Amino acid sequence: MNRISLAAAILAATALPSAALADVLIDNVDGVRIDEDGELDRFTGLWIDDDGKIAGVLDRGDDRPKTDFRLDGEGRVMMPGLIDAHLHVMGVGFGELTLDLSDTNSLSEAQQKIADFARENPGRPWILGRGWNQEKWGLGRFPTAAELDQVVADRPVWLERVDGHAGWANTAALKAAGVTKATKDVAGGNIMRLPSGEPAGVFVDAAGDLVARVVPEPRPRDRDAALAKAQEKLLAFGITAAADMGTTMEDWQTMRRAGDSGRLKLRIMAYAAGVDAMEAIAGPGPTPWLYDDRLRLGGVKLYLDGALGSRGAWLKAPYADDHDNTGLPLLGPAQLRNLMSRAAMDGFQVATHAIGDAANAELLGAIEELSETYTGDRRWRIEHAQIVTPADIARFGQAGIIASMQPVHQTSDRLMAEARLGPDRLDGAYAWSSIAQTGARLAFGSDAPVESPDPQAGLATAFTREDAEGQPFGGWFPAEAVSRENAIRGFTQDAAYAGFAEGRFGRLVEGERADFLFVDRDPTLVSPAQLRETRVLETWIGGERVYAHSGQDGPD
């Protein structure tokens, strides 16, 4: 056995082709994990076999096996690779290649950034981007096409809202789409209009398709570049696996190209963008795991309502700040059950977006009904589950429901949720602890690119209910916080379980894939503020190092 420093061993190990990796003992680590019993455990060595799986987890004093290589971890903190249970892989990548307005704090700041981007990219036929948020700007209304025209009038502009549930177009984009005063609203969407009846420039939910359908499709090389950017960003944050919510055929083909060429490092649990895409991609049933457990399409993503920010979330009572509006149910009761049945009858997992309390109640009812027909381990997923009537929370404990929730939404949405709902309807808002107490499994994610994919921010939020500034002090509805250990479970083993990946990855236990991180601090001991500043030093997937910190500032 050769004993070499971690830095030298990395060079040796990563030089080997993945199919010929030698077995390795990474010793002298300050390891922390969730063990086979679901408890927090510490260890000092990780034994990895030549298939990239864990052959043993070693404590101080345990006999060390004879291996081809022994890497000295130099006392650094090792933790499980983190899993994002809900994001949009290609959206993250395209967000890196297009205009990002998520850091703008006012309309004028956004206009300046749009103008700068257009000037720097004169050859782009359309200016595309996302991330605007009129609530963050303090605008009190949606922006208009005229305000876009002030900075870019010579070509179409189409910018998605931060939550992806509204789009903002300039006049050139309206003309390209043929949208006029005479254009009728579409089912499941709204065209925001001026007092004259002319389209104002913002399209909510399904209405966005009126413009999006004429936006030029990315070329395959554009998609390949986007996937590469997404992997680069996610791996730098220590994300080793993710549930891709809304995988299209084009997305799937991009992922397959990456897998075929050895460029797919991230593990992706794909959920098709609707039943038609599900059938086109996978055929009569879920795909097998491909590329050493790096890719599988096992489910379908459905949408039952919109988002709070655009007032599209479907509520039981009108919005507190829009008394004639209860939001947008995107599917009728029969449509919802038919789509869920089409997926379930072929063994696909169903993941349904439900944000408002009416949407969650309707979805819970549909799951209860369909569970009588589709028995067995279905793991029905409710994506977001943000606003739930307290009386409905107990229903989450039935039928093996997975509550797929995003802790950072609570801090981003807090003030807006208070305005949308009023003080008397917040008891079931972002109710992580109450839902977990019913027996439902919590799977945590980020919804990137809606939010940053940084899982450390999600972990800190989950057990504090405070934002990055420590507000509100003591936490927003602090009884709904989960323990630090349960937060880690939500971003590791429970996120894997939510995608039927348990036993393959998600835990540092014998027989599972060796997906782990070296970080610069112990996530179980530091303060929430310090946790948010965690730097990922290295990311390893299947016993292969796929990211190393360069010494520069961490990822955005």
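The legends below describe an overall view and several close-up views of a predicted model.

View 1. The predicted chain contains 19 helices and 23 strands. Its radius of gyration is 23 Å, close to the 24 Å that the globule rule gives for 556 residues, so the chain is as compact as a globular protein of that length. Along the principal axes, the C-alpha trace spans about 80 × 55 × 50 Å, and 59% of the 556 residues count as buried. Among contacts with a separation of 6 or more, 73% join residues 24 or more positions apart. The accessible surface amounts to about 21400 Å², with 49% of that area belonging to carbon and sulfur atoms.

**View 2. The largest nonpolar core and the surroundings of L308.** This core has 100 residues, of which L308, M340, I382 and F396 touch the most other members. Helix α12 (residues 357-370) contributes the largest share, 7 residues. Beyond its neighbours within four places in sequence, L308 is in contact with A313, Y319, I355, Q386, I387, M416, A417, R420 and Y430. Another core, of 20 residues, lies apart from the largest one and has A118, F142, A166 and V204 among its members.

**View 3. S310 in the loop between β16 and α11.** The loop that holds S310 runs between β16 (295-303) and α11 (333-344). S310 counts as buried because its relative accessibility is 6%, which falls under the 20% cut-off. When neighbours within four places in sequence are left aside, the residues in contact with S310 are F142, R161, D163, H165, A166 and V204.

**View 4. A207 in the loop between β13 and α7.** A207 is found between β13 (199-205) and α7 (209-212), and it counts as buried because its relative accessibility is 0%. Not counting residues up to four places away in sequence, A207 touches V186, G189, N190 and I191. The C-alpha atom of A207 is separated by 7.4 Å from that of G188, although these two residues are 19 residues apart along the chain.

**View 5. Helix α8 and the elements that cover its buried residues.** Helix α8 (residues 220-236) has 17 residues and reaches 24 Å from its first C-alpha to its last, close to the 24 Å expected at 1.5 Å a residue. Its buried residues are R223, A226, L227, A230, Q231, K233, L234, L235 and A236. The cover over these buried residues includes the strands β7 (82-87), β14 (239-247), β22 (536-541) and β23 (544-548), together with the helices α2 (89-97) and α9 (249-260). After α8 comes G238, whose phi is positive, near 85°.

Methods: Residues are numbered from 1 along each chain as its sequence is written. This is a predicted model: local features need pLDDT of at least 70, side-chain atom pairs count only at pLDDT 80 or more; totals for chains, interfaces and linings use all residues. Side-chain values use heavy atoms; hydrogens and water are left out. Helices (H or I, at least four residues) and strands (E, at least two) are DSSP runs, numbered from the N terminus. Buried means under 20% relative accessible area, exposed over 50%, partly exposed in between (1.4 Å probe, protein chains only). Contact means heavy atoms within 4.5 Å. A nonpolar core is a set of buried Ala, Val, Leu, Ile, Met, Phe, Trp, Tyr and Cys residues joined through side-chain atoms within 4.5 Å. The expected span of a helix is 1.5 Å times one less than its number of residues. The radius of gyration is taken over C-alpha atoms; the globule rule is 2.2 Å times the number of residues to the power 0.38. Accessible areas come from the Shrake-Rupley method with a 1.4 Å probe; for residues, only the protein chains shown count as cover.
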